[in-house]
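Subject: Structure for you to look at

Hello,

Here is the structure I said I would pass on. Please open it first, then read the notes below with it on screen.

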Amino acid sequence: MAAVQDGQVESDAEKETKPDASNDVAGNSSGGARSMSPNAASSASGAAKAAAPTGPGEQQTLLAVLQFLKRSKLLESVDILRREAGLSDELDESQTNDGAAAGSASLLRRVSVGGAAATNIAATTTSKGAEDQPDVSIVLSAYSQQGDPALYQVYYSGLKNFIESVLDCHRAELSQLFYPLFVHMYLELVYNNHEHEAKVFFEKFSGDQECYYRDDLRVLSGLTKKEHMKGNETLLDFRTSKFVLRISRDSYQLLKRHLQERQNNQIWLIIQEHLYIDIFDGMPRSKSQIDSMSGSLAGEARREANKAKVYYGLLKEPEIEVPLDDEDDEAENEEGKPKKKKPKKDNLGSKNKKQDPNAPQQNRIPLPELKDSDKLDKIMSMKEATKKIRLGPDTLPSICFYTFLNAYQGLTSVDVTDDSSLIAGGFADSTVRVWSVTPKKLRKVKSAADLNLIDKEADDVLERIMDEKTASESKILYGHSGPVYGISFSPDRNYLLSSSEDGTVRLWSLQTFTCLVGYKGHNYPVWDTQFSPYGYYFVSGGHDRIARLWATDHYQPLRMFAGHLADITCTHFHPNSNYVATGSADRTVRLWDVLNGNCVRIFSGHKGPIHSLAFSPNGKYVASGATDGRVLLWDIGHGLMIGELKGHTDTVYALKFSRDGEILASGSMDGTVRLWDALKAFDVETDDFTAATGHIHLPDNSQELLLGTYMTKSTPVIHLHFTRRNLLLAAGGYNSQ
Amino acid sequence: MAEERRFAEVSRDSVKLMAESAGVEVGDEVAALLAEDVCYRLREAAQNSSQFMRHAKRRKLTVEDFNRALRWSNVEAVCGYGAQDALPFRPAKEGELFFVEDRDVNLVNLALATNIPNGCAETMVRVHVSYLDGKGNLEPQGTVPSAVQSLSEDLLKYYQQITRAILGEDPHLMKVALLDLQTNSKIAALLPYFVYVISGVKSVSHDLEQLNRLLHMVKSLVQNPYLYLGSYVRSLVSSVMYCILEPLAASINPLNDHWTLRDYAALLLSHIFWTHGDLVSGLYHQILLSLQKVLSDPVRPLCSHYGAVVGLHALGWKAVERVLYPHLPAYWANLQAVLDDYSVSNAQVKADGHKVYGAILVAVERLLKMKALSLSKPAEGGVGGQQGTAGGVLGFRESSPGLSPPPEPLSEAGLGIASHLQAGGAGCPWEDWTPVPLPAMYCELYSFFGDSLAVRFSTGPELEGCLPALPCQPADARKETVANAAAGLDNSRKMPQLTANLNISPRPDGSPHTEPPPPSLAATIPGRPFARSSSSSSSVQRRSSSSRPGQRSAGPSRDVFPKARFPPPQAGPPSFSFLIGGRQMGRRCQGRRFQTSFGPQPPLASLPPRAYAHKLPVIGRVSKPVRRWTCSHYSLHLPL
């Protein structure tokens with residue numbers, strides 16, 4: 001994995017760095033056993049020269065280097081290294097032939113302290129592909145004794161002085177280096193048991209970091225012992241993943257020249273080992289451009305990470321022979337304006353027939369076939385849709401608020417069916433409660449014995465199977481053993497999914513109101529789950545940082561989406577069901593391809609854990625809301641941030657687009673619902689240059705886009721839903737404290 | 001960096017103590033290491049627990065969250081702290097030792113207790129149309145939305161108890177009930193019921209006491225911070241308006257002090273409006289309209305008119321300016337007719353007329369005052385502008401009709417305030433309405449009230465700026481007042497009296513008016529030459545002038561206005577303050593004193609006008625600068 005990354009840098013920087021390799025080594029020859037020069041490839045031999053096998057650990061390293069060289073086909077170097085290190089061929093061969101598994105396992109154990117680390121690395125590596133055996137760079141990613149700990153401050157402040165003295169245009173770019181360097185230097189100090197130096201270093205420089213890294217710094221400040229690094233996930237993430245920076249070529253060369261002049265190997269090493277510098281040609285970015293994209297746990301997304309083609313178009317609606325025409329005629333006759341409706345219908349039909357060029361193949365993902373009841377429902381929804389109110393800045397939706405009263409147990413999640421007939425709440429006392437919003441009561445199916453008695457040929461058999469005695473306005477579902485954090489209705493309203501702290505996702509039948517399946521896989525709290533818009537599939541994500549794709553009839557996940565560096569806090573299906581978006585506490589949104597499990601988009605820019613996601617109805621955009629109260633809008637096709645909506649003062653827990661996508665509603669902990677002009681927000685021309693470079697200019701027009709702020713009384717808004725006629729439903733638990 | 005100190009630390013000694021209590025001897029070094037590790041683990045657990053809080057969509061970290069974090073890191077959970085209430089954390093007397101209070105619970109008593117606690121109410125979902133078309137809910141005025149929900153046993157009981165207590169006999173019980181209504185956070189479901197009860201004002205219009213209690217109920221509901229009134233505001237407002245405006249059955253008996261009720265209701269109205277006016281769009285406008293309607297309806301009894309006037313007054317001087325002032329000429333004729341009828345049969349009506357007169361006077365006085373104040377703000381700018389304005393003021397007199405008061409600053413100031421009001425209020429558009437410049441307004445008002453219009457000027461050190469032009473008035477315009485004054489004896493217009501220039505004649509109609517108090521201003525500044533002006537002169541007297549000697553010489557010093565009685569103490573920049581004093585006569589009440597001092601207000605002057613105006617809409621809430629205002633704002637203030 002790391003080798004691949006290095007390769008990227010090499011291609012960019014090989015020419016310039018090669019001559020310096022020897023210099024570096026010379027300058028650092030006394031520094032330590034394993035000093036690396038700027039370029040991984042060219043320095044491998046240099047490092048070997050300086051190195052002498054002094055212990056079993058060192059030998060492991062050398063073996064890893066040998067392996068790397070072999071794979072890189074640098075056979076001469078292999079020979080030289082072997083000779084110099086005094087390694088016998090046999091040893092080497094036996095070690096390597098023992099099988100990569102054994103060797104890598106021991107390496108792994110050495111590198112990643114603790115079992116959690118191993119799983120973590122395994123997770124990340126599996127996602128990258130099997131060829132990524134742990135090798136040189138992973139071995140070296142364990143912090144080793146390098147340089148004098150007392151000089152770290154000097155190094156850092158030297159760089160700081162340099163960056164502060166460069167031209168403004170470069171300063172903003174190079175300032176990005178501060179945070180990752182600071183963290184790595186601090187960790188290095190801690191890892192090598194220089195506790196006092198680490199503390200002094202932290203106190204001196206932690207104030208310089210950007211304010212949005214405050215939470216991370218707080219975690220960091222508590223960590224002063226090597227032992228504590230074991231099992232601290234945040235830090236493991238930092239060590240195992242490279243922090244990605246985007247820097248223009250000019251700035252980068254400026255930096256490199258400086259570091260070479262100063263012989264500042266310490267920093268150069270960290271940059272080489274732990275940072276990934278994505279160099280681009282052209283103008284350096286401005287401070288605001290950088291700020292809008294940074295903030296995530298692992299820096300910005302790499303440019304090539306967002307280059308994959310995404311089929312964001314909608315699937316073709318299945319053509320349904322509409323027997324409702326007669327009904328419609330009747331209705332029209334009643335209303336007395338039959339002419340107006342007919343052409344509308346035709347329009348709808350023709351639109352559906354055209355295949356969206358950006359849409360995936362209809363059968364790219366196998367989708368369940370429509371049942372008769374589904375078709376009926378489709379017809380119903382189409383009929384409703386004709387009565388839909390066209391929203392806009394001048395016609396704002398009406399808002400109905402569903403207040404959960406007496407929710408002493410703590411309301412943790414809410415969902416509403418697409419036709420707005422049922423509402424369900426997940427509670428902290430492990431219960432799931434379902435209410436009927438319409439006068440139609442909730443009824444269970446009769447018991448098996450009673451079912452035997454009914455006439456199966458009767459027309460109203462579906463009505464007869466229901467047990468009238470059980471009719472009630474609400475039902476309680478017991479089964480979980482922890483707070484229910486996520487809840488989702490199936491599109492056909494027959495099932496309900498709930499995810500809980502107990503590590504399971506449960507599937508409930510809304511016919512019998514019993515639990516059908518408990519999906520086990522996440523061994524840690526599952527924060528969110530959601531059904532696919534076509535049913536059958538669902539996605540779940542939780543504390544184990546892996547999102548899983550399931551099908552209701554499989555007890556094991558179909559796909560595992562690994563890559564997030566912290567908890568997955570929310571999951572959402574793309575309207576065409578081919579993609580899944582996940583928001584995470586690592587402050588990125590990722591888009592995964594359901595077909596092959598690849599991560600096709602990484603959106604960085606949030607400054608806090610992301611708690612809500614929403615796709616626009618046309619599938620082109622996604623909105624995400626985070627604990628910092630900001631809502632960010634992303635263009636999926638280009639992989640760019642296209643808007644920032646500021647206004648909320650607390651975590652945004654709910655986002656929803658209106659049925660036609662004109663309005664984005666956001667609901668927050670601060671007890672407000674805000675409506676935003678989505679059409680205007682998306683009315684951004686993305687030119688080729690921006691699309692190619694990924695440099696965005698965000699207009700600061702939140703105030704213009706904000707159409708309204710609607711207050712609740714002591715009630716955080718945790719769910720939003722637009723009915724088929726574009727009435728906005730909001731829900732939350734009344735908080736009496 | 002003080003980052004490190006933000007964390008609680010477990011000291012080495014604590015670790016040692018714990019170890020000792022567990023029977024283990026721990027060395028210094030070990031204790032130090034352990035302490036550090038414990039700190040780190042605690043921090044880690046705290047950080048982990050916060051994500052449980054975030055996912056539970058809460059702001060408050062609970063013990064449960066922390067326990068979950070502990071459980072997931074394979075640590076035993078802490079038991080016994082699951083209560084929702086905050087635990088009292090107390091210091092021990094000796095030493096710096098803190099502990100959580102842990103009282104013994106007598107289980108026997110608990111088990112044998114006779115009052116078996118009810119279970120919690122059932123969790124339920126209630127739907128409410130919060131915003132229609134993105135606006136506040138629009139329901140027909142005055143209707144109470146049918147209460148849709150079925151109430152739990154407990155709520156029903158609560159409702160019965162509360163209504164019984166409020167409408168019952170025991171004043172203490174009522175107080176308790178009202179207080180609970182004001183602070184209870186769990187009565188949202190009962191709101192429609194209470195609103196319905198309150199809408200019963202119409203059925204108890206014969207009973208002042210009950211009306212009063214219902215109004216208090218409104219107040220409690222309005223002040224409850226947990227209640228979202230939503231569209232019920234409209235219903236509440238209509239109930240309150242009923243108390244203000246309707247000729248209540250109780251007012252047939254002159255012994256009933258329905259005036260106080262109306263005053264209180266007016267106050268409440270303004271309170272509702274300022275605190276909840278934003279819930280219903282156009283509320284302000286609607287209130288104004290209905291008040292105006294009543295005022296313009298001559299068939300209505302005088303007590304309704306009185307209500308309309310105090311209502312306007314309570315809504316602020318802008319409302320007075322917009323509705324009452326333009327309406328005054330038309331209304332005056334009616335009132336005049338009532339007041340001029342000396343027949344015995346008319347005595348009662350006449351007394352009512354006096355009430356209305358008094359109310360109008362108070363309202364108008366504040367209007368003038370506030371307008372003047374709003375003018376003085378922009379004029380603070382520079383000496384030059386001040387000079388010019390002062391000159392203009394001086395010049396604008398009867399003898400030199402060619403000069404007009406500087407219109408720009410006046411109108412600007414007026415509009416400025418208006419726009420703030422509007423922003424803070426219901427957002428009611430002040431379309432096509434231009435404020436009358438202050439001088440003209442004063443002239444007109446003077447024509448009605450004559451000397452009773454008690455705007456006085458005195459020098460004060462703080463309120464800098466030119467005082468508004470209060471120009472003179474043609475003598476013939478002030479019909480009866482001046483005539484009466486000239487007659488000297490038959491001055492029957494005695495409601496709010498002021499200053500010493502009014503000699504009270506014995507009342508011809510024999511109504512029990514008390515003597516007006518001596519002018520407060522004169523009393524407050526004794527030993528000054530008291531240039532008493534004779535009110536017998538029918539010539540033009542009233543005008544304001546700046547107290548600068550230079551300017552005084554410019555005009556003949558015919559100042560009858562009280563301000564002129566006091567020569568300026570020094571030739572500093574002119575600064576003024578108002579004092580309106582007097583006593584408003586009521587027939588039965590002993591005459592409420594109204595004194596609105598507008599004098600030295602250091603914070604006023606120090607505040608930039610913008611900030612000050614910004615504070616304006618929150619009148620009625622408890623914030624300091626506004627408080628001062630409210631006392632002048634509600635000269636009809638009654639102790640609630």
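A salt bridge here is a side-chain nitrogen of Lys or Arg within 4 Å of a carboxyl oxygen of Asp or Glu. Asp28(B) is in helix H2 of chain B and Lys16(B) is in helix H1 (residues 12-21) of chain B, so the pair ties together parts 12 residues apart in sequence. Asp28(B) counts as partly exposed, at 42% relative accessibility, and Lys16(B) is also partly exposed, at 26%. Please keep in mind that this is a predicted model.

Other salt bridges

Over all chains, the search finds 43 salt bridges. One of them joins the side chains of Asp216(A) and Arg587(A), at 2.5 Å from N to O. Asp216(A) belongs to helix H14 (residues 214-221) of chain A, while Arg587(A) is in the loop between strands S19 (579-584) and S20 (588-593) of that chain, so this pair links parts 371 residues apart in sequence. Are these two residues buried or exposed? Both Asp216(A) and Arg587(A) are buried.

Another salt bridge is formed by Glu468(A) and Arg443(A), at 3.0 Å from N to O. Glu468(A) is in strand S8 (residues 466-472) of chain A and Arg443(A) in strand S7 (residues 442-445) of chain A, so parts 25 residues apart in sequence are tied together. Here Glu468(A) is exposed, with a relative accessible area of 52%, whereas Arg443(A) counts as buried at 13%. There is also a network of salt bridges that links Asp377(A), Asp418(A), Asp419(A), Arg493(A), Arg659(A) and Arg724(A).

Where the chains meet

How many residues of chain B are in contact with chain A? There are 47, and they touch 65 residues of chain A. About 5,000 Å² is buried between the two chains, with carbon and sulfur atoms giving 53% of that area. On the chain B side, His55(B), Lys57(B) and Thr123(B) lose the most area to chain A, together 15% of what that side buries.

The interface has 3 salt bridges and 11 residue pairs in polar contact. Glu36(B) forms a salt bridge with Lys225(A), with the closest N and O atoms 3.4 Å apart. Helix H2 (28-55), helix H3 (63-72) and strand S3 (124-132) of chain B each supply at least two residues to the side that touches chain A. Among the contributors, H2(B) gives the most, with 12 residues. By class, that side of chain B has 19 nonpolar, 10 polar and 18 charged residues.

Chain A as a whole

Chain A contains 27 helices and 31 strands. Of its 737 residues, 57% count as buried.

Backbone details

Most residues other than glycine have a negative phi. Asn193(A) has a positive phi near 65° and is in the loop between helices H12 (178-191) and H13 (195-205) of chain A. Ser430(A) also has a positive phi, about 75°, and is in the loop between strands S5 (422-427) and S6 (432-436) of chain A. Asn193(A) counts as exposed at 54% relative accessibility, and Ser430(A) as buried at 16%.

A helix in chain B

In helix H17 (residues 438-449) of chain B, 10 of the 12 residues are buried, so the rest of the structure largely encloses this helix. Among the buried residues are Leu438(B), Tyr442(B) and Phe449(B). Just after H17(B), Gly450(B) takes a positive phi of about 65°.

Regards

Notes:
Residues are numbered from 1 along each chain as its sequence is written. Chains are lettered from A and ligands numbered from 1 in the order in which they are written. This is a predicted model: local features need pLDDT of at least 70, side-chain atom pairs count only at pLDDT 80 or more; totals for chains, interfaces and linings use all residues. Side-chain values use heavy atoms; hydrogens and water are left out. Contact means heavy atoms within 4.5 Å. Buried area is the accessible area (1.4 Å probe) that two parts lose on being put together, summed over both. A polar contact is a pair of N or O atoms within 3.5 Å; within protein, one must be able to donate a hydrogen and the other to accept it, and residues adjacent in sequence count only if both atoms are side-chain atoms. Helices (H or I, at least four residues) and strands (E, at least two) are DSSP runs, numbered from the N terminus. Ala, Val, Leu, Ile, Met, Phe, Trp, Tyr, Cys and Pro count as nonpolar, Asp, Glu, Lys and Arg as charged, and the others, Gly among them, as polar. Buried means under 20% relative accessible area, exposed over 50%, partly exposed in between (1.4 Å probe, protein chains only).
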